[in-house]
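Dear colleague,

I am handing over the structure below, and after it you will find notes on what came out of it. Please read them beside the coordinates.

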Amino acid sequence: MKLLKKQISAKDGSGFVSLLPSTPEDLWHTYNLLQKGDRVRCTTLRKVSKESSTGSVTSNKVRMNLTIEVTKLEFFKDSLEVRISGPNSTESDHVRMGAFHTLTLELDRQFSIEKECWDQIYLDRIEEACNPEKGADIACVVMSGGLAHVCLVTGSVTVTKARIDVNIPKKRTGSSSHSKSITKFYDAIYRAILTHIPFDKIKCVLLGSPGFQKDDFFKYLLAESVRREDRPLIENKGKFVLCHSSSGHKHSVEELFSDPSIMSRVAETKLCKEIDVLNKFMRLLDTHPDKAYYGFFHVQKANEELAIDSLLISDELFRSSDIAERKKYVALVESVRERGGKVYIFSTMHVSGQQLQQVSGVAAILRYPLPDLDELEEIAAAHESGLVEEESDDEELSEEAKRKREEARVREDIQDMGFD
């Protein structure tokens, strides 16, 4: 992503940025930057009808710059597009004010986004997208039988670059159709790797399959690269890592990261850091549940106690159409960072982000155990059911009664922490 222009007020955070997406991940970042109520300016084609003096009507498509106020937005991973719809908000010679139009944000097409307030999450997203060192972290190839997928796994999205499906007949005595089909299948994968994997950006290529098919293909790749003199494959053969997967379907890509030896090879990538911290949270949930909290209310209470070491949060929560809901999670992230905690924002385009969504989309690993979990669950359930009443009874108690109740609370906390 190229940042062409940035004009944001330091006073209230209002302003606009002009961006130019150049990779599929940039479009995912764009989708996460947009929200209903934003104003987006981009070039587009619009059908314009003109009536001549004789009464005849002619129609032609005119390229123009339009600014619309976003009321609907969609991300299409397969076609690599972000489509936004809304009413025209500026004067135009061809489009009246308030007329609805749909803009399509594509690769290598400049656009501008204007917001009433650019909060820290938005600014971090722009910085991440415009980092010149970013790019495809890992390439994955999974195969089984005659099916294979070639994918690029970045920090935010898994992009399928090629799907190979070749019918491989069974082995028969005196027939060479099986071996010819295998060679055809391997050749298709070879050409897909050569075409779609940018070896100058990736850290490694994971080859996965059940059985020994990955080993046979890797031998084929080494021999063919020397025979064809394909320098990218010859020079980067050390980046290939062989590992196990259960099938050649895309969902098997996630299995490749479950091997500890694989994780050590790609430990510096953003995705693997997220998978590692999510696995740690799941282990703590089983072994030390008083150090693993999930759900906004529990996590917020742990933050108030300065107990959060790592905050795990899904980017889905920042796409809420409810401004107050979004601000709630933005404030939580900023508060955890101010108090020395680490924040991991998970993309729902990865399986790890989808797993986090199953536990409310927000979770935390604590620095020390908070044993009052049952009490917090009762308070959270009361909040959700609307049964919580204001604590007005303190005013009706005498000073002596208040002092005794506070002492009882302190003794109970000391017993829970095991110091009594």
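S314 is buried, its relative accessible area being 0% (buried means under 20%, exposed over 50% and partly exposed in between, with a 1.4 Å probe and protein chains only). This is a predicted model, in which local features need pLDDT of at least 70 and side-chain atom pairs count only at pLDDT 80 or more, while totals for chains, interfaces and linings use all residues. Residues are numbered from 1 along each chain as its sequence is written, and side-chain values use heavy atoms, with hydrogens and water left out.

S314 lies in strand 15, residues 308-314 (strands are DSSP runs of E of at least two residues and helices runs of H or I of at least four, numbered from the N terminus). Leaving aside residues up to four places away in sequence, S314 touches F346, T348, L356, Q357 and G361, where contact means heavy atoms within 4.5 Å.

Elsewhere, five strands form an open sheet of mixed pairing, in the order 11-10-9-12-13 (two strands pair if DSSP finds at least two bridges between them). Strand 11 (158-165) and strand 13 (240-244) stand at the edges with a single partner strand each, so one side of each has no neighbour in the sheet. Strand 12 (residues 204-209) pairs with strand 13 in the parallel sense over five bridges, and G208 stands opposite C243 in strand 13.

With regards
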